[in-house]
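Let's take a friendly walk through this two-chain model together. Have the viewer open as you read.

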Amino acid sequence: MNVACRIVNLQEEYIKLFNDQKSLLQSGAPKKMNSLRDDALKIFEEKGIPSNKVEAYKYTNLQPYFKGSLNVAFTNDAAHNDITQHFHCEVPQLNTYNVFLVNGWFSAKDSDLNLPDGVIVCSMQEAEQKAPDVFEKYYGETAPMKEDSLVAMNTAFAQDGAFIYVPKGVVLDKPIQLVNIMTGDEDRLAFQRNLIVVDENAQLKVMLCDHTMSSQRFVINTVTEVFAKENSVFDVYNVQNQHNLTTQVQGIYVHQKKNSNILTNNLTLHAGIARNNVNVTMDDDHCESHVYGLYLSDKNQHVDNSTFINHAKPDCQSFELFKGVMDDSATGAFSGRVYVAQDAQRTNAYQSNNNLLLTDNAKINSKPQLEIYADDVKCSHGATVGQLDDEAMFYLRARGINKEEGRILLMFAFAYEVIEKIRVEPLKEQIRGLVEKRFRGEFDKCDSCVVCGQPGSNASCL
Amino acid sequence: MAEDQNKILDEVTGGEYKYGFYTDIEMDTIPKGLTEDVIRMISAKKNEPEYMLEFRLKAFEKWQKMEMPDWAHLNIPEIDFQDIIYYAAPKKKPQLESMDDVDPELRATFDKLGIPLDEQKILSGVAVDAVIDSVSVKTTFKETLAEKGIIFCSISEAVHEFPDLVKKYLGTVVTDSDNFFAALNSAVFTDGSFVYIPKGVRCPMELSTYFRINAMNTGQFERTLIVADDDSYVSYLEGCTAPQRDENQLHAAIVEIVANERAEVKYSTVQNWYPGDKEGKGGIYNFVTKRAICKGDYSKVSWTQVETGSAITWKYPSCILQGDHSVGEFYSVAVTNNYQQADTGTKMIHLGKNTRSLIVSKGVSAGKSQNSYRGLVKVSKRADNARNFSQCDSLLLGDRCGAHTFPYLEIANNSAKVEHEATTSKIGEDQIFYCNQRGLSTEDAVGLIVNGYVKEVINQLPMEFAVEAQKLLQISLEGSVG
């Protein structure tokens with residue numbers, strides 16, 4: 001069921017919406033989800049949608065984007081229509097377990113997923129039946145509801161999303177791809193909530209692909225919680241490819257146990273307003289985390305990456321690299337915080353943020369931060385803003401490469417440092433191709449999306 | 001090995017404040033508290049012209065509407081602003097004719113600190129404008145400076161004698177509504193220094209002022225204004241030590257610097273106010289607003305600071321680079337020990353074309369202290385070819401202290417080149433081993449490594465200050481050894 005609402009004063013209407021639709025919100029949702037709603041709403045009521053007065057959202061005022069006439073789907077009708085039939089994310093040679101979500105609702109998965117024994121991939125609504133203990137134990141445990149009002153909002157409103165559980169010792173041979181498609185004839189607000197649990201000695205790679213399929217204005221609030229248990233390996237690649245009217249707040253909250261190794265990579269190729277939060281808590285010794293991001297923005301786009309790496313225990317390592325290219329009137333922000341708790345000795349933490357500004361109107365704000373309470377640590381961070389190297393350009397031109405080609409070559413070399421970190425070979429090739437096209441100005445649409453190529457459905461190519 | 005090291009670190013970082021003594025001079029104070037009447041009283045006591053009173057009252061009005069900022073990485077106990085005496089001056093003495101007229105106790109205080117007010121002043125070539133609790137008691141070398149047309153006097157004097165200059169520049173760099181403490185200072189400042197370097201003059205000597213906080217329960221509200229006119233140069237030194245005291249003392253100063261075309265100003269600070277005892281009791285609260293504007297083309301301002309004292313330091317000497325080709329520099333060493341807290345750094349605001357800035361910040365934390373660097377590099381849309389390089393290093397001595405880095409980069413021009421890098425580490429065992437192997441004790445090795453680590457900044461200080469700064473570092477970290 002669709003509910004249309006007009007938001008002017010933010011909290012007031014959102015809270016009214018919550019209270020009016022409470023029964024719909026709760027129906028079908030797992031107990032644990034429903035049990036957190038009221039507390040979450042209270043926090044949301046108190047803090048509201050963050051404006052740039054909130055330090056964590058200093059460079060992204062989200063308030064205007066959460067206003068206006070928006071539709072919210074409180075039931076999963078849309079997920080059952082055949083929209084996913086038209087859509088196929090065709091990453092060449094990339095064999096994945098493909099799962100669709102429509103407007104945040106879990107849709108029918110590929111008929112023959114052929115998942116290894118014990119692996120569960122289902123909607124959040126079913127999770128309670130399929131893995132009651134796991135769901136009960138982990139849902140809502142790592143997303144910082146109290147600190148971030150958008151997480152609170154998601155916790156209050158979210159009804160569905162994907163649930164993935166990989167049992168002990170299972171190594172998935174290919175990535176699970178969660179494709180979220182935003183569609184509809186009205187401007188829309190959607191919530192999505194994912195929970196991923198990778199048990200001991202298990203390995204999992206996940207791709208989160210975000211697409212838009214119609215030209216309406218979309219506001220998306222996604223929260224993904226990840227638990228990486230002892231000795232597990234987990235990768236998540238978030239490929240954002242949405243039209244300019246999209247506002248996406250995407251949060252990935254990872255909780256790590258002993259010897260686990262995780263990687264997150266936010267590849268923002270095209271998005272209107274994107275705010276990506278990545279929080280990693282290393283809650284045991286000898287964890288390793290890799291947090292990467294690449295953002296390519298033009299027109300009036302805005303990308304804000306915010307990371308928080310919490311070294312709560314000793315002997316952990318973190319590596320962080322975010323790179324951005326800002327064209328036209330695009331604005332970008334990076335804010336990274338590395339926190340080393342007292343007694344988290346022998347910590348190694350590296351953080352780097354590099355930006356290229358291509359035009360006079362592009363803007364970048366960078367805020368790398370270190371907060372350190374232990375002494376036996378090696379922590380460093382660096383941030384740069386600059387242009388293409390004149391000398392490198394001269395070198396290329398002296399060898400007969402024209403200016404434009406040289407420019408693309410250098411920009412691509414700049415971006416490739418992040419692409420290189422992708423641990424799924426075919427995806428690396430795919431992203432490489434997309435980024436190159438993007439720099440050549442040929443990238444107006446997601447190349448991997450067949451829909452765009454079809455007559456009458458080029459809406460996402462805005 | 002590691003245990004030994006820790007033991008020695010504990011020993012050397014556990015030293016007591018060496019400059020803790022108290023001079024007993026008769027004081028002229030007013031009742032505690034802050035009201036409009038108090039401000040009128042301060043103004044009247046200082047016999048100020050009407051425009052200054054207006055300036056103060058306007059600031060007071062704004063201050064009343066403000067709240068104390070809480071964004072810094074500091075844990076500030078609540079301050080009762082009504083429990084502070086806002087004016088304290090040594091009892092008025094007849095105008096002093098020579099050194100012999102200076103209070104012997106006061107002179108003894110200076111001697112203990114090694115301030116060359118006596119014969120040494122000529123040898124060292126330093127003109128000293130000694131400020132004891134807010135009122136200048138002695139100004140030297142005035143004539144030498146006057147010959148060149150340089151004005152170097154207390155700000156209260158300047159208010160009377162150079163009203164045009166004061167009116168033109170006072171409050172233009174740090175406005176009375178800039179922040180909570182700036183507003184407070186604008187309302188109640190009692191004294192400070194005023195420097196004016198006329199066009200084309202290169203100040204022949206280092207100008208210096210020694211600040212000391214000396215009376216019980218008095219916050220000291222200094223106000224310094226330095227104006228360097230076209231093609232001039234001045235190097236200004238400020239150094240502070242304060243006697244040991246149990247009650248917290250509030251210090252909210254303002255320093256304003258204006259550099260006109262092709263002018264260069266170098267401002268150096270050594271700050272060693274009472275940091276509180278080993279349990280974190282007492283100590284000075286140092287909430288200072290320091291800002292410079294490079295108004296003219298090709299002007300340059302350079303801040304150098306060595307911060308070893310104060311229980312809480314909240315200080316961001318900044319540069320507004322307005323003129324084309326102007327240059328801003330910031331060199332800082334901040335050492336915190338025991339329960340000290342420091343949140344310090346700089347702001348470089350690039351407005352003009354081809355402006356450059358350099359930031360070198362070195363933090364050393366020991367004991368249970370917290371040491372933060374917080375800085376902003378802002379390049380506005382019109383600031384073509386701006387260049388910035390920032391380096392912020394932290395050294396941790398001990399496992400109960402914190403070192404934090406909060407840089408902000410806001411870049412809105414595509415020809416800007418901005419780089420920031422920061423590292424945090426402790427003294428490597430291999431470094432200590434290397435020194436031990438060559439016959440240095442672990443203790444000496446720590447001193448050597450720390451001094452080497454901050455060398456880049458100390459080198460920026462004028463010679464006489466560099467010596468003092470090195471001593472201070474030793475005292476701060478080595479205690480009894482120094």
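The report below covers confidence, the contact between the chains, and helix packing in each chain.

## Confidence in the model

Please keep in mind that this is a predicted model. For the complex, the predictor reports an ipTM of 0.83 and a pTM of 0.85.

In chain A, the average pLDDT is 87, and 91% of the residues score at least 70. One stretch to treat with care is residues 445-462 of chain A, where pLDDT stays under 50. The model has 38 contacts beyond four places in sequence for residues 445-462 of chain A.

Chain B averages a pLDDT of 81, with 76% of the residues at 70 or above. Residues 118-126 of chain B have pLDDT below 50, and the model gives this stretch 13 contacts beyond near neighbours in sequence. Residues 133-138 of chain B are also below 50, with 28 contacts beyond near neighbours in sequence. Where pLDDT is low, the predicted coordinates should not be read in detail.

## Where the chains meet

The contact between the chains draws 31 residues from chain A and 28 residues from chain B. On the side of chain A that touches chain B, strand S20 (363-372) and strand S21 (377-386) are the elements that give two or more residues. By class, that side of chain A has 13 nonpolar, 10 polar and 8 charged residues.

A strand pairing joins the two chains: S20(A) runs antiparallel to strand S23 (residues 402-411) of chain B, over 6 bridges. To find the pairing in your viewer, look for Leu370(A), whose bridge partner in S23(B) is Thr405(B).

## Helix packing in chain A

Helix H9 (residues 390-398) of chain A packs against helix H10 (residues 403-419) of chain A at an angle of about 130 degrees, and their axes are 10 Å apart. H9(A) and H10(A) are therefore oblique to each other, and their crossing is right-handed. From H9(A), the contact uses Ala392(A), Met393(A), Leu396(A) and Arg397(A), while H10(A) supplies Lys403(A), Gly406(A), Leu409(A) and Leu410(A). These residues divide into 5 nonpolar, 1 polar and 2 charged.

H10(A) also packs with helix H11 (residues 425-440) of chain A: their axes come within 10 Å and cross at roughly 150 degrees. That angle makes H10(A) roughly antiparallel to H11(A), and this crossing is right-handed. Ile408(A), Met411(A), Phe412(A), Ala415(A) and Ile419(A) are the residues of H10(A) in this contact. They meet a set from H11(A) that includes Ile431(A), Val435(A) and Phe439(A), along with Lys428(A) and Arg432(A). Between H10(A) and H11(A), the contact has 8 nonpolar, no polar and 4 charged residues.

## Helix packing in chain B

How do helix H10 (residues 429-437) and helix H11 (residues 442-458) of chain B cross? Their axes come within 9 Å, at an angle of roughly 120 degrees. That makes H10(B) oblique to H11(B), and the crossing of H10(B) and H11(B) is right-handed.

On the H10(B) side you will find Gln431(B), Ile432(B), Cys435(B) and Asn436(B), which meet Thr442(B), Ala445(B), Leu448(B) and Ile449(B) in H11(B). The contact of H10(B) with H11(B) consists of 5 nonpolar and 3 polar residues, with no charged ones.

Key:
Residues numbered from 1 in each chain as written. Chains lettered and ligands numbered in written order. Predicted model: local features only at pLDDT ≥ 70, side-chain atom pairs only at ≥ 80, totals over all residues. Contact = placed C-beta atoms within 7 Å. Helix = DSSP H or I, 4+ residues; strand = E, 2+ residues; numbered from the N terminus. Nonpolar A, V, L, I, M, F, W, Y, C, P; charged D, E, K, R; others polar. Pairing = 2+ DSSP bridges. Axes fitted to C-alpha atoms, helices over the stretch in contact; angles between N-to-C directions. Parallel < 35°, antiparallel > 145°, perpendicular 65-115°, else oblique. Left-handed = near helix turned anticlockwise from the far one by under 90°. pLDDT = per-residue confidence, 0-100.
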